[in-house]
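Please open the structure in the viewer and keep the selection panel at hand. The tour moves from one selection to the next.

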Amino acid sequence: MLDEARAVVLDLFRGRSCRRGRLARTIDDAEESLTALRGWKRTVTMGLEEALAEGRWVSRDVRETWSQSAPLPSRHVGALARNTKAGREARELIAFTSADLRALVHDTNKRIRAQELVARRHFLDTIETQPLTDEQAAAVVTFDNRVQVIAAAGSGKTSVMVARAGYAIQRRLVPADRIVMLAFNRDAAAELQRRVEERLEAAGIDAPGLKAATFHSFGLSVIGAATGRKPRLAPWLDAGGDIAMVCRLVDELRDQNPTFRYRWDSYRLLFARMSDDPSGGEPDSYDHNTRQTGYRTFQGETVKSQGERMIADFLFLNGVRYEYEAPYQHDVADADHSQYRPDFYYPDAGVYHEHWALDREGNPPSAFAGYAASMKWKRSVHQRFGTTLLETTWASIIDQTGFGPLADDLTKAGLVLDWNPDRPVPGATPVRHEDLARVMRSFMTHVKSNSLSRADLERRLEVAPCSVQRFRARMFLDLFWDIHDEWQAGLAADDSIDFEDMLVQAATHLESGGIDMGYELVLVDELQDASQARARLTKALVDQPHRYLLAVGDDWQSVNRFAGADLSVMTSFAEWFGEGQTLRLQTTFRSPQSICDVASEFVARNPRQLTKVVTSAHPAYGQAASLVRVRRFDEVSEAVARVLDDLAARVRTGEVTPGRSGMVEVDVLGRYRFDRDSLPRQTPPELKVTFRTVHGSKGLEADYVILPNVASGTYGFPSEVADDPVMSLAMAETDPYPFAEERRLFYVALTRARRHVTLIGVEGRESAFVAELLASKRLELSPLSIVDLSAPCPLCGQGVLVVRRRKADGRPFEGCSAFPRCRFTQSVPSVGSPMRLSASPGARGRN
């Protein structure tokens with residue numbers, strides 16, 4: 001019995017010894033991993049403590065370095081952690097390494113930012129002439145590797161850039177000669193250079209070598225440094241000279257190459273106005289006799305479809321006399337059919353012509369019920385009476401294969417075709433050479449900026465959505481490449497490069513590692529205007545560890561898409577440049593709250609715009625905007641003069657006080673350069689009056705703003721000069737919201753004003769933007785108007801109700817100013833009588 005008890009005790013002792021031995025071995029095996037974990041924890045905790053003590057931001061790159069060097073706990077450390085008593089340190093180290101390092105760094109940086117805002121208060125209050133706001137100051141001290149600042153109009157983004165440079169130098173984060181500021185144009189770059197030198201000198205900060213430059217001039221210096229030979233910019237690129245050069249190249253090609261001449265004229269006159277929408281596009285005409293909405297031809301009649309318009313214009317340009325929908329020479333009306341009216345009749349040959357709405361498979365649109373039976377009946381009519389019928393289809397016209405056979409058929413019928421693209425046009429306005437040249441140049445800008453080859457565009461064309469007609473697009477591309485090749489040959493002959501080549505070449509040199517400009521802090525202005533080439537250049541400059549990018553911009557002011565701007569550079573900031581901070585400047589020092597509210601509500605109707613809540617630093621200054629209505633376009637200049645005279649009179653009485661410059665500044669902002677004609681030859685001496693285009697007004701401001709031509713129409717505001725659908729092959733994804741870029745441009749115009757905006761509108765030609773502001777009660781009628789205010793159209797919201805008279809009996813009625821797109825009408829209400837409404841949708845037409 002005693003021996004058995006002794007045996008049990010010995011077994012227990014041996015078990016404890018074995019467990020102690022296993023624990024000791026586990027501790028020994030875990031020690032190497034524990035040492036690595038302790039060292040990593042010490043690196044991180046000491047790094048955070050030192051950053052907090054020094055007020056130095058813990059950057060993304062530092063955090064990533066820590067994250068990548070974090071050791072994984074060995075299985076022995078895991079085993080040790082499971083020991084209740086001996087595994088405490090192992091558990092703590094595992095918890096630390098598995099904790100959210102991003103959150104830990106974020107919390108530390110939050111404390112650093114609060115600390116720096118207090119410690120650097122004197123700097124932040126004095127670096128500019130006015131103390132920085134909390135928003136601006138936060139943007140300055142948030143010294144991360146990537147920071148995007150979304151800045152509302154007039155919110156002081158330049159102050160942030162200047163202060164950021166000063167902060168980096170003063171805190172010895174980046175030497176002055178390692179800082180570069182990049183701007184969109186020369187004026188902006190010069191202003192940045194002047195401002196940063198002036199303010200840093202006033203703050204006693206020595207900044208030798210700090211540089212502000214345009215992207216283009218900086219690109220030249222990169223190429224020069226990389227190759228040892230600085231290139232020369234082509235002399236024709238400035239002040240619209242690039243469009244003039246395209247026009248010159250087109251003229252030369254038309255003179256030298258009859259094939260190019262015919263293709264250019266055919267595209268400009270027949271295809272450029274055509275929507276790629278196979279169901280018909282947007283009608284632009286109305287025939288009061290037939291009460292049909294449709295498409296205006298060069299001859300002046302209204303036809304039902306785009307295909308019919310193209311045929312009518314082809315006939316007109318060839319001098320072929322035709323009648324549109326004239327009654328057939330025999331009476332064929334019966335119980336099932338009204339009198340037959342073929343699409344075209346050629347009286348000089350006694351020949352008829354039907355244009356069928358058929359696709360390449362010979363099928364009509366699904367909505368055209370009974371179309372096949374109608375075709376069969378019409379053909380049988382001609383067969384019965386022995387009349388000649390020519391036929392074309394929508395598919396043959398859209399892919400250009402139909403005009404040749406049609407011309408052959410007309411010639412066989414005895415008609416003489418005399419193609420004359422310069423024939424005087426009494427009807428619809430043709431696309432001008434300059435306008436198509438501008439489209440070609442814009443397309444070239446995007447192609448070169450995005451480094452697209454012929455093969456790239458062909459691939460894009462093959463996968464393009466059905467809204468892009470491939471035959472029409474290929475016709476455009478053939479013309480484009482002819483012009484492109486001549487453009488490139490001109491550059492080579494002149495031993496020069498253009499803006500796009502310069503940016504792409506500079507970016508390529510930086511990306512290849514062949515040259516490093518050595519800049520550690522890059523400050524980019526107007527990021528919303530950056531092209532992909534500018535984005536590549538910027539990314540390449542900072543695409544090394546521990547380099548810093550601060551980019552400021554406002555997607556609400558992105559208005560340079562025609563010049564290659566790609567808004568996705570801003571809206572997809574992290575995809576372009578990597579993870580970073582996004583901050584907002586939402587306090588404006590320019591416009592009163594009333595203008596902020598009107599402009600913000602207006603532009604933010606587009607759901608793709610980034611969200612901002614803009615608050616003014618100034619008290620309210622009365623109504624934001626007023627409308628002066630005139631009867632005709634030739635009265636716009638008189639209206640502008642009345643607005644200026646009225647304002648000058650109020651200056652003389654003291655009702656209106658001088659602005660910041662000591663004068664009352666008035667900017668007359670035109671959508672186009674020719675809007676300058678609306679400016680009176682003499683302006684009141686009490687006012688400083690300047691004409692600018694809205695594009696040219698970016699970054700500028702005035703006490704009062706006058707918009708002289710806020711009307712509907714091709715060259716109105718919004719402009720209805722639509723992008724050619726083929727542009728989508730070279731550009732970034734388009735914004736489908738109606739008038740998306742024009743809406744942003746209108747926002748720019750509104751937010752130039754420090755006090756008030758006056759819009760000049762023409763009765764019956766109201767802009768869709770005016771109708772929208774009226775509908776939201778954001779616009780009042782000026783007492784300087786000579787026409788009463790009209791109610792917004794309750795159907796479309798894109799026009800206002802104007803009084804018209806019926807052709808038949810002269811009776812008045814109210815109709816939408818957006819006619820013929822909107823067919824809303826109502827009788828002119830008499831006192832005590834109910835209103836009668838009518839809303840006839842616009843016809844989609846036939847193909």
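Select Glu128: at 6% relative accessibility, this residue counts as buried (buried is under 20% relative accessible area, exposed over 50%, partly exposed in between, with a 1.4 Å probe and protein chains only). Arg199 belongs to helix H9 (residues 186-202) and Glu128 to the loop between helices H6 (121-126) and H7 (134-141), so the pair ties together parts that are 71 residues apart in sequence. Helices (H or I, at least four residues) and strands (E, at least two) are DSSP runs, numbered from the N terminus.

The model is predicted: local features need pLDDT of at least 70 and side-chain atom pairs pLDDT 80 or more, while totals for chains, interfaces and linings use all residues. Residues are numbered from 1 along each chain as its sequence is written, and side-chain values use heavy atoms, without hydrogens and water.

Next, select Asp516 and Arg547, whose closest N and O atoms are 2.9 Å apart in a salt bridge. Asp516 is partly exposed at 42%, whereas Arg547 is buried at 7%.

Proceed to Asp529 and Lys698, a salt bridge with its closest N and O atoms 2.7 Å apart. The two residues lie 169 residues apart, and both are buried.

Finally, select Arg590, Arg660, Glu665, Glu701, Asp703, Arg754 and Arg755: salt bridges that share partners join these residues into one network. The whole structure holds 65 salt bridges.

Note on methods: Salt bridge = Lys/Arg side-chain N within 4 Å of Asp/Glu carboxyl O.
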